Amino acid sequence: MTLTIIQLIVFQFLLPAAFMISLARGKFESKLEWLVQGLLTTVFISWLFFVQPWDWFSFYLRFGWLLVLLVLLVYTWKKVKSLPFRSAYSRNQKWSLSIYTVLLLIFGMYNVWIFGGYSTDEEAVELVFPLKNGVYYVGQGGNHPQINYHNTHPAQQFALDIVELNAIGSRASGIYPENLDAYRIYGEDLYSPCAGEIEESRNSLPDLTPPETNAEEPTGNYVQITCESEDVQVYIAHMQEGSLAVDEGDSVQQGDPIGIVGNSGNTTEPHLHIHAERDGEGVPMLFNERFLVRNDLVW
């Protein structure tokens, strides 16, 4: 987990700052140089904006970088607007332009792939969001592995991992606390997303101290609900030990209490995992007609 924190610091602080400083200090001799570097910075920041999980430090940080980028583009344009569009470039300048252009194309394609993950052509099931009375953040969600690592697993390709945000837009008090109560979502009530029958459940596994995991029981404490109107199985996983309010064979109505968010199973911290499947294949889910993807909020 130390590696994850280092990666987040690099991608959410160091690299954006490096791109911004490079653009601000650029000694441009033409508008073309400014345009290429400005587009590269914009495309890179856009990629970070959509791809990075922004709940570790603050959800609002992503908007801060966009604001800095906008101010910087205006500031640097004022310095180059009187320059010619092109000029005679030295060998080093040509190499720099070539490298920036290649990077621009790479991150441009990344953004195109991400936008493709914001929708699906497959028929979706309409469910009710299983949490209430909070600001909830989608950490994993969408139809592309860059924004949803579940997407490579057929049964869970549209699964969602959801946490709750506090007042500063973070999922916990601290970067990666061991205390489960420090996580905003821990202990939140869960409600049935549909009317149906509890086909499977487990209620006896302990809640783990982060970063402990239980790979042998991936779902931890969970319920599987067969939704009567949609003919799909909905899985809600990683619930608190002893918190289930339903048993196998019980009928539930939409909105009935079913348990509490915990940290059991193959999970690195408290969160809600939910996915729907039919005949072993993942089914897209809509909540209030929304197909949720990473960095979406529900409240």
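Student: Which handedness does the disulfide of cysteine 194 and cysteine 227 have, left-handed or right-handed, and why?

Tutor: Bearing in mind that this is a predicted model, the torsion about the S-S bond of cysteine 194 and cysteine 227 comes out at about -75 degrees, so the disulfide is left-handed.

Student: Which parts does that pair tie together?

Tutor: Cysteine 194 sits in the loop between β4 (189–191) and β5 (196–202), whereas cysteine 227 belongs to strand β6 (residues 221–227), so the bond ties together parts that are 33 residues apart in sequence.

Student: How far apart are the sulfur atoms of cysteine 194 and cysteine 227, and are the two residues buried or exposed?

Tutor: Their sulfur atoms are 2.0 Å apart, and both cysteine 194 and cysteine 227 are buried.

Student: How many disulfides does a search of the whole structure find?

Tutor: That search finds one disulfide.

Student: Switching to charges, which residues form the negative surface patch?

Tutor: The patch is made up of Asp121, Glu122, Asp231, Asp279 and Glu281; of these, glutamate 281 is located in strand β11 (residues 281–283).

Student: Last one: where is isoleucine 6?

Tutor: Isoleucine 6 lies in helix α1 (residues 2–24) and is partly exposed, with a relative accessible area of 46%. The C-alpha atoms of isoleucine 6 and serine 119, which are 113 residues apart along the chain, are separated by 31 Å.

Note on methods. Residues numbered from 1 in each chain as written. Predicted model: local features only at pLDDT ≥ 70, side-chain atom pairs only at ≥ 80, totals over all residues. Heavy atoms only, no water. Helix = DSSP H or I, 4+ residues; strand = E, 2+ residues; numbered from the N terminus. Buried < 20%, exposed > 50% of the residue type's maximum accessible area, 1.4 Å probe, protein only. Patch = residues over 30% accessible without salt bridge, like charges linked within 9 Å, V, L, I, M, F, W, Y side chains within 5 Å. Areas by Shrake-Rupley, 256 points an atom, 1.4 Å probe, with all protein chains shown as cover. Salt bridge = Lys/Arg side-chain N within 4 Å of Asp/Glu carboxyl O. Lys, Arg positive; Asp, Glu negative; His and termini not counted. Charge placed at Lys NZ, Arg CZ, Asp CG, Glu CD. Disulfide = S-S within 2.5 Å.
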